[in-house]
Amino acid sequence: MSSTAAVAKPEAFGCFVEVEAVIRGFEAGTLPRSEWTHKEHLVVACWYLVCHPEAAAVEKIRAGILRYNGAVGIVSTPDSGYHETMTLFWARMVKAFLRTATLECAMIGLFNELVVRLGDRNLPFAYYTRERLLSREARAEWREPDIQPLPGAARQE
């Protein structure tokens, strides 16, 4: 976690209907752009990783973000829009979270715990230097972390 700034605690979901509304709005491209925050990104990733095998979930996340971005007018360029390394980083962090989560709880508890544990948007910088993560190469394709390996992953460089 970043030690440079305090992280505001995201508001918890009150019920599963709220989570469903995020998923449905994301998939339909109707979720207001102002509501497509880090918290919602995490919940969408968690939903797909719970419901699908990892490879299929990652593809659904990737395709969904690209489709959603198009629906709300976010254009991907070499310097903005969709970011492959960030997408895969967060998918792998959510997968690591799910390996340690107690899935016997109500789903709403799972989503709220995910947001508490991975709610710091600056978390990638504990694994990547700014130069590597914010590079055009990282935006275009997966790059391994250069500070420390992801939880449960062996360094492959």
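Author: A salt bridge here is a side-chain nitrogen of Lys or Arg within 4 Å of a carboxyl oxygen of Asp or Glu. Glutamate 84 forms such a bridge with arginine 62, and their closest N and O atoms are 2.6 Å apart. This pair links distant parts of the chain, since glutamate 84 is in helix α4 (residues 84–100) and arginine 62 in helix α3, 22 residues apart. Helices are DSSP runs of H or I with at least four residues, strands are runs of E with at least two, and both are numbered from the N terminus.

The model is predicted: local features need pLDDT of at least 70 and side-chain atom pairs count only at pLDDT 80 or more, while totals for chains, interfaces and linings use all residues. Residues are numbered from 1 along each chain as its sequence is written, and side-chain values use heavy atoms, with hydrogens and water left out.

Glutamate 84 is buried, at a relative accessible area of 10%. Buried means under 20% relative accessible area, exposed means over 50%, and partly exposed lies in between (1.4 Å probe, protein chains only).

Arginine 62 also takes part in a salt bridge with glutamate 59, at 2.7 Å from N to O. Glutamate 59 and arginine 62 are three residues apart in helix α3 (residues 54–72), so about one helical turn separates them. Glutamate 59 is partly exposed, with a relative accessible area of 41%.

Another pair is found in helix α5 (residues 107–118), where glutamate 113 and arginine 117 lie four residues apart, about one turn of the helix. Their side chains meet in a salt bridge at 3.3 Å, N to O. Both residues count as partly exposed: glutamate 113 has a relative accessibility of 34%, and arginine 117 has a relative accessible area of 37%. The count of salt bridges by the same rule comes to seven.

As for the setting, the chain has seven helices and zero strands. Of its 157 residues, 41% are buried. Among contacts (heavy atoms within 4.5 Å) with a separation of 6 or more, 63% are between residues 24 or more positions apart.
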